[in-house]
Amino acid sequence: MWTTWVRERAVSSLPPEKLLPDRQPSYVSSWIYVFGVATTAALVVVVASGLILGLGGPTWWHTTSLGRFLNGIHLWGVELFFFAMVVHLWGKFFMGAWRGGRGRTWATGAISFLVAIGAAFTGYLSQQNFDSQWIASEGKDGLNSVGIGAFFNVANFGQMYTFHVILLPLAVTALVVWHVLLVRRHGVVPPYPAKVAAAAEPATPSEEATQ
Amino acid sequence: MAPPVHVVFAALFDLSHPARYLHWHFFQMSVANVVVILLMIAVFVAAILVPFPKRERTP
C-alpha cells in the first residue's frame, strides 16, 4: 500500500532519534543557538493570537479592551518574531550554516524570512485604520515601481486580508516546519574548524617534547 | 486613586506626534527603527559573549 511506502520513506529519512533527539553536540550550548526556537515560539504566539483576532474581526479588535489587548499581543509577537529571526540569521550566516549538505536548510530559512515580510506587510494593510491606508498608498507605488503592481491590489482590503490570514501564514508555517525538519535531519551545523595555518605551525620545543 | 495603566504608558511614550527621524546625507531612518537595530546588534553580541549556563555534573 502507498501508506507503507510513505511510512518507510518518512522513518528512513527522519528516524525518531533524529526527529526528537535527547542530546545535542557540546558546541550547541551557546545563547546564539536559542534564537531559532525563540523565532518558532514567537510564530506560535502570532498564529494563535491571529486566529482569535480573525474570529473577532476589525470592529472587535479596535473597540473592545480584550480585542485591543490581543491586537497588541499579535503586534509584539511579530516584533519579537522578526527580532529573533534576524539575530538567528546573523548567527547562522557567520556560522556558514549552509555547509555540509545544509543548503536546503539555509534556503528554506531565507525564503521563510522573505514570505514573512509579505505576511507582515499585509498585516499592516489589515489594520483597518489610517496607518494601513497610508501604507497601502505607499506600497502600491513601490510595487508598481518594480513592475509587479498588476498582480496585487494592496488598496483592496479583502484581497490583502485573505493573503494575511490564509495564504501567507500557511506558507510561512509550512516553510518553518520544513526548515525545522531539515535541521533535525542534517543536525546543527558544527563550528568552522580551527585554522589550518595555525595547526601547521611548528610546535614549540616544550610541546614537541611531550608529543 | 492610581491612574489607569494606559495613562502611565502614554506619559512614558507620547505617540501623538510624527515619528522622529535621523537624517544624515542619504541615510534616513526613524529613531524607533534605529533603536531596534541597535538592540538586535547588542543582543547578538551578548548571545556570543555571555556564557551559557551549564548543568552541574553529579559526581
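1. A:Phe121, A:Tyr124 and A:Leu125 come from α6(A), and they face A:Ser132, A:Ile135, A:Ala136 and A:Gly139 from α7(A). Sorted by class, the residues of this contact comprise five nonpolar, two polar and no charged.

2. The geometry of this pair may be stated next. Two packed helices are described by the angle between their axes and the distance between the axes. Helix α6 of chain A covers residues 103-125, and its axis lies 7 Å from that of α7(A), at an angle of about 130 degrees. An angle counts as roughly antiparallel only over 145 degrees, and as roughly perpendicular from 65 to 115 degrees; α6(A) and α7(A) are therefore oblique to each other.

3. The connection between these two helices deserves a separate remark. A:Gln128 is located in the loop that joins α6 and α7 of chain A. Although A:Gln128 is not a glycine, its phi is positive, at about 65 degrees. A:Gln128 has 15 other C-beta atoms within 10 Å, and is therefore partly exposed.

4. Within α7(A), which spans residues 130-145, one finds A:Ser137. A:Ser137 has 12 C-beta neighbours inside 10 Å and so counts as exposed; the cut-off for that class is 12 or fewer. A:Ser137 and A:Phe121 stand 16 residues apart along the chain, and a distance of 13 Å separates their C-alpha atoms. A:Phe121 is one of the α6(A) residues in the contact with α7(A).

5. The crossing of α3(A) past α5(A) is left-handed. In the contact of α3(A) with α5(A) there are 16 nonpolar residues, eleven polar residues and no charged ones.

6. Helix α5(A) also takes part in the contact between the chains. Ten residues of chain A and eight residues of chain B make up that contact. On the side of chain A that touches chain B, α5(A) gives the most, with five residues. That side of chain A holds seven nonpolar, three polar and no charged residues.

7. Chain B contains two helices and two strands. Read from the N terminus, its elements follow the order α-β-β-α. Chain B has 59 residues, of which buried residues make up 2%.

8. B:His25 has a positive phi of about 55 degrees and is not a glycine. Is B:His25 buried or exposed? With 5 C-beta neighbours inside 10 Å, B:His25 counts as exposed.

9. A final point concerns confidence. Chain A has a mean pLDDT of 90, and 92% of its residues reach 70 or more. Residues 203-211 of chain A, however, have pLDDT below 50, and this stretch makes two contacts in the model beyond near neighbours in sequence. Where pLDDT is low, the predicted coordinates should not be read in detail.

Definitions and conventions: Residues are numbered from 1 along each chain as its sequence is written. Chains are lettered from A and ligands numbered from 1 in the order in which they are written. This is a predicted model: local features need pLDDT of at least 70, side-chain atom pairs count only at pLDDT 80 or more; totals for chains, interfaces and linings use all residues. A crossing is left-handed if the near helix is turned anticlockwise from the far one by less than a right angle, and right-handed if clockwise. Helices (H or I, at least four residues) and strands (E, at least two) are DSSP runs, numbered from the N terminus. Ala, Val, Leu, Ile, Met, Phe, Trp, Tyr, Cys and Pro count as nonpolar, Asp, Glu, Lys and Arg as charged, and the others, Gly among them, as polar. A residue is buried if 20 or more other C-beta atoms lie within 10 Å of its own, exposed if 12 or fewer, and partly exposed in between; C-beta atoms are placed from the backbone. pLDDT is the predictor's confidence in each residue, from 0 to 100. Two residues are in contact if their C-beta atoms, placed from the backbone, lie within 7 Å. Axes are lines fitted to C-alpha atoms, for helices over the stretch in contact, and angles run from 0 to 180 degrees between N-to-C directions. Angles under 35 degrees count as roughly parallel, over 145 as roughly antiparallel, 65 to 115 as roughly perpendicular and the rest as oblique.
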